[in-house]
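Student: I would like to go through this model with you and ask, for each label put on it, what the label rests on.
Tutor: Then let us take the labels one at a time and set each value against its cut-off.

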Amino acid sequence: TMLSSTDYLEAKLLPLIESIEPKTTESFILEACGLEARPSTQSVSITVGARLEKFWNTVFSDMDTTTNMIEDSDRVDVNGRTRQIDHFFSIPDMSCAEYMYLESKCNVNFDTEKVRASNQKIHDIAYALEQRHDGIINVQSGYFVPVKREIPIEISREYTNLGVCIFGVSDLYRWFNDDLPFTIDEYFTFWKERLAPVINNLMNGVPANKPARSGRQRDLDAL
């Protein structure tokens with residue numbers, strides 16, 4: 001039985017976020033202040049990003065109109081090193097590229113050196129994927145930001161000038177039309193109404209299976 005849009009997000013996305021266990025900070029600055037019991041908001045953000053990568057791979061696998069190419073393996077050899085592939089799937093009726101390889105990033109505000117290294121990695125992996133398939137497929141590549149509906153033009157232009165595309169969620173709907181199991185409005189409404197309270201609690205060190213306590217109580221716990 002095909003899940004409804006809301007049921008799909010409830011069943012496939014919400015549990016991934018609710019199962020995150022917050023960690024305490026590793027900041028030496030906060031430790032020096034006696035605040036080492038504070039939750040690490042950075043670790044929550046990193047883990048949410050990793051869970052989103054898993055979620056969207058589930059979406060690609062569940063769709064009838066695409067083939068999720070990493071189901072067999074999410075690794076590829078690049079210049080003697082084994083690299084992980086975030087997303088690699090086919091696109092129906094795409095004239096310019098039959099396959100798409102994407103690096104999933106929730107934050108693309110890198111410094112210049114990291115941008116160049118990350119961009120080079122994308123080019124190298126895309127080339128390696130084409131070679132793995134004997135050069136008979138054309139692989140387009142870029143970044144995918146699963147928490148942005150549209151990529152701001154200044155960010156898109158910055159990366160395009162460096163030779164790498166960057167895509168938002170709306171681009172997936174452009175490629176797959178109505179084949180995705182939920183609408184773009186449903187996806188971002190789900191973020192605000194269902195995921196935001198969970199993530200807010202995680203940022204305060206409260207996992208989903210425990211009730212949130214008052215800020216005063218958390219302050220006492222940190223002493």
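**Burial, pairing and packing**

Tutor: In this predicted model, helix α4 has as its buried residues Ser 43, Val 44, Val 48, Gly 49, Leu 52, Glu 53, Phe 55, Trp 56, Asn 57, Val 59 and Phe 60.

Student: How do you know that the span of helix α4 agrees with its number of residues?
Tutor: The expected span is 1.5 Å times one less than the number of residues, so the 22 residues of α4, residues 41-62, should span 32 Å, and since the end C-alpha atoms are 31 Å apart, the two values agree.

Student: What makes Ser 141 count as buried?
Tutor: Buried means under 20% relative accessible area, and Ser 141, at 14% relative accessibility, therefore counts as buried. Ser 141 lies in strand β5, residues 139-144, and, leaving aside neighbours within four places in sequence, Ser 141 is in contact with Met 100, Tyr 101, Ile 122, Ala 126, Cys 165 and Phe 167.

Student: How do you know that strands β4 and β5 pair?
Tutor: Pairing asks for at least two bridges between two strands, and six bridges join β4, residues 99-104, to β5, the two running parallel. Met 100, for instance, has Gln 140 in β5 as its bridge partner.

Student: Why are β3 and β6 called edge strands?
Tutor: The four strands form an open sheet of mixed pairing in the order β3-β4-β5-β6, and β3 (87-90) and β6 (165-167) each pair on one side only, which is what the label of edge strand states. From one strand to the next, the twist averages 35°.

Student: Which strands does helix α7 touch where it packs on the sheet?
Tutor: Helix α7, residues 169-176, touches β3, β4, β5 and β6, and its direction makes about 20° with that of β3.

Student: Why is α7 described as largely enclosed by the rest of the structure?
Tutor: Seven of its eight residues are buried, so the description follows from that count; the buried residues are Val 169, Ser 170, Asp 171, Leu 172, Tyr 173, Trp 175 and Phe 176. What covers them includes α4, β3, β4, β5, β6 and α8 (184-203). Just after α7, Asn 177 takes a positive phi of about 55°.

Student: What share of the protein chain is buried?
Tutor: Buried residues make up 40% of the 223 residues in the protein chain, whose secondary structure comes to nine helices and six strands.

Note on methods:
Residues numbered from 1 in each chain as written. Predicted model: local features only at pLDDT ≥ 70, side-chain atom pairs only at ≥ 80, totals over all residues. Heavy atoms only, no water. Buried < 20%, exposed > 50% of the residue type's maximum accessible area, 1.4 Å probe, protein only. Contact = heavy atoms within 4.5 Å. Axes fitted to C-alpha atoms, helices over the stretch in contact; angles between N-to-C directions.
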